[in-house]
Amino acid sequence: MSDPTAAATAATQQAETSGADTREARPREASSIELKGLHKRFGKDTVALDGVDLTIEAGEFFTLLGPSGCGKTTLLRILAGLEAPNDGRLLIGGKDVTDTPPHRRSVNTVFQSYALFPHLSVRDNLAFGLRMRGEPAAERHRKVDEVAEFIQLGSLVERRVEQLSGGQKQRIALARALICEPDVLLLDEPLSALDAGLRSQLQVELQRLQKRLGMTFVFVTHDQDEAMVMSDRIAVLDGGIIQQVGTPNEVYEHPANAFVARFMGHDNLFAISASEDDWVDTELGRLRLDPAEQRDDQAGWLLIRPETLELDGEVPEGYNRLEGTVEERLYRGSRIEYRLSVNGRTLMAVASNLGQRMHDVGDRVTISVCPEDLVRVAA
Amino acid sequence: MVESSLLSSRRRAVVGETRHLLFSVAPGAVWIFVFLVLPSVYLMAVAFMTNGPYGLPQMPLSLDAFEQLAGFGFLGWSPGNLYTLLRSLWQTLVSTALVVVVAYPIAYYITTCREKWRPIMLLAVVVPSWTNQVIRTFGWMNLLAPGTPLSDLADSLGLIGPHMGLYPSNFAVTLGLVYNFLPFMVLPLYAAFEKLDVAQVQAAQDLYASPVRAFWHAVFPQTLPGLLAGTVLVAIPAFGMYVIPELLGGGKSMMLGNLVANQFAGGSNWPLGAAGAILMLLATFGGLYAMRRIGKRLGGGEEVVI
């Protein structure tokens, strides 16, 4: 413990934990993560990470989002120590752990396949990390009972792993990592194997749990809805490069480039052919937008979020006005999606289902959109 | 009336089923009876008979053969047969243990290879056993004989006396057994490793287990069925091995198999040979029983089937 700040941190932690109730001592000192110029190659020419610089704050719910093969899982495995970077440094809680093997890092992982040990009971699975750390048997027993109660699976601890359902396995995998009280918890698409209902329920539970524990969570997913629901901040990756880091609404409403926009589910991207002051020329025609949105380069894309389009009635003063035809209507219950044809281009619009008259396929509609809702996106 | 017809129809069904069973099982049962049960009964009978002047069994029934097996001859007691038994047990134990130590890394390594290479590597493990055992053993004789590079190396290291050669010796027999039985351990271990999820090893390391402890606590227990199956496949034939001790032991390292064979061939004492065979059978059954117990213990209550 050569670092004086680290020693001080440890001292405060000690003071905290020696307080009345150790359980109440949490949220404890969480750890920040710093990635500096991380590179990772597999074989000769597969680049998994191509220079990743990133700071994850202590106590943050941070999500790595991207399509398969974007490098998000590799990045998570480097955090866990299961993969070594070819270049760059990794700091957890201010300490360089780049060369620290996984079993010496205060980092635990919830694996996508759960990776529970089939030859051990649920209890022995939960206690595995504590046992490897050399905690006494009585202590292990107490902590397992406590954590099993916490995840509401107290009645299952003596069972065998293969007797559990998918959702139960998922909870056990989570509890097996949490019981070690790591500085950082890594979650590798832990919900991907579950059905939709259970998944959305667990998304909320996980997010609440993280807030309660105040632990740093790094979550990997390819599902942008999941990322937005749960995260404090999101990093969108593609081709081993971080495309954008931001809060869910920054990433969704102001994507840094066309890739992020498309990945966040935006369909309405239109190439810009010319722009000046407060207007841009696109395939849809000339549209007015906020001059603050203007950029130096002429190229790029205009993003129109489908929920900002108004299909009914008057076009307010200063709003953009477009004429189109309804090509397709999708009834989604709470909302209605329209595929519109404007100047031979497809434009998606979403209307909340407030009981208004729905437009039929073939209807001519007048579309209005506020200039402030238009976003310029880099190529 | 209705009841009785119901009963009779059920009886007819049972009879039909029995007949069906009889037809399907009978060929196997006959085979086992003719080629296993009858010879075993015959062997037992021979063991309790007296040795005739030409080495063939004859009446009256006696325990002579077992007394001779225990070492009592007309010159009093000699420990020769006891040594042979102990040597057999020891050779089996040592060579099985060495086979395990060598086979684990090989089996693990093959599972880490790319999928298209695995069959080829497994083939490489198995192919040597397609050559006749006698020929392979002769090959080892040539490699280990006095004056060969390996023997000279051992000589210069002071491991053996000058001009002794590594063959014939107990060491050569052990080496021959390990070499011969390696594939029988690699294959079941490979099957066990292949079923293992790599993520579990990583999970163990993630949960503060060093690589060695990750192997011991997460991997090893899951390969136990393969290990026990391999042990049975190696230890039982090794215990009764005839060719390897005969050729590589040079008469100095006789095992139980050689003792039995000699009684039926050279020494010509069929009752003694039969008694030796029965001893081998009993030892094998004892070994299997012990393995089952161990399997149950280590399998955490779940039976590891052999």
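This is a predicted model: local features need pLDDT of at least 70, side-chain atom pairs count only at pLDDT 80 or more; totals for chains, interfaces and linings use all residues.

Me: Let's start with chain B. What helices and strands does chain B have?

Reply: Chain B has 12 helices and four strands. Its radius of gyration is 25 Å, well over the 19 Å that the globule rule gives for 306 residues, so chain B is more spread out than a compact globule.

Me: What box do the C-alpha atoms of chain B fill?

Reply: Roughly 95 × 70 × 35 Å, taken along the principal axes.

Me: And which domains does the assignment give for chain B?

Reply: Domain 1 covers 1–36 and domain 2 covers 75–298. The centres of those two domains of chain B, taken over C-alpha atoms, are separated by 44 Å.

Me: How much of chain B is buried?

Reply: Buried residues account for 33% of the 306 residues in chain B. On the contact side, take the pairs in chain B that are at least 6 apart in sequence: 64% of those contacts join residues at least 24 apart.

Me: Okay, where does chain B touch chain A?

Reply: The contact takes 16 residues from chain B and 16 residues from chain A. On the chain B side, α8 (198–206) and α9 (211–239) each supply at least two residues. The largest share of that side comes from α8(B), with six residues.

Me: What about β1 and β2 of chain A, how many bridges do they pair over?

Reply: Eight bridges, in the antiparallel sense, between β1 (residues 33–42) and β2 (residues 46–56) of chain A. For one of the partners, look at A:L35, whose bridge partner in β2(A) is A:L54.

Me: And what do β1(A) and β2(A) form?

Reply: A hairpin, with three residues between the two strands. In the turn, A:G43 has a positive phi of about 65°.

Me: Now some helices. At what angle do α3 and α5 of chain A pack?

Reply: About 30°, with the axes of α3 (residues 122–132) and α5 (residues 166–178) of chain A 7 Å apart. Angles under 35 degrees count as roughly parallel, and α3(A) and α5(A) are therefore roughly parallel to each other.

Me: Which residues make that contact?

Reply: From α3(A) you have A:V122, A:N125, A:L126, A:F128 and A:G129, and from α5(A) there are A:I172, A:A175 and A:R176.

Me: Last one: where is A:R262 found?

Reply: A:R262 is in helix α9 (residues 258–263) of chain A. A:R262 is partly exposed, with 15 other C-beta atoms within 10 Å. From A:R262 to A:I234 is 28 residues in sequence and 15 Å in space, C-alpha to C-alpha.

Methods. Residues are numbered from 1 along each chain as its sequence is written. Chains are lettered from A and ligands numbered from 1 in the order in which they are written. Domain bounds come from an automatic or database domain assignment. The radius of gyration is taken over C-alpha atoms; the globule rule is 2.2 Å times the number of residues to the power 0.38. A residue is buried if 20 or more other C-beta atoms lie within 10 Å of its own, exposed if 12 or fewer, and partly exposed in between; C-beta atoms are placed from the backbone. Two residues are in contact if their C-beta atoms, placed from the backbone, lie within 7 Å. Axes are lines fitted to C-alpha atoms, for helices over the stretch in contact, and angles run from 0 to 180 degrees between N-to-C directions. Angles under 35 degrees count as roughly parallel, over 145 as roughly antiparallel, 65 to 115 as roughly perpendicular and the rest as oblique. Two strands pair if DSSP finds at least two bridges between them.
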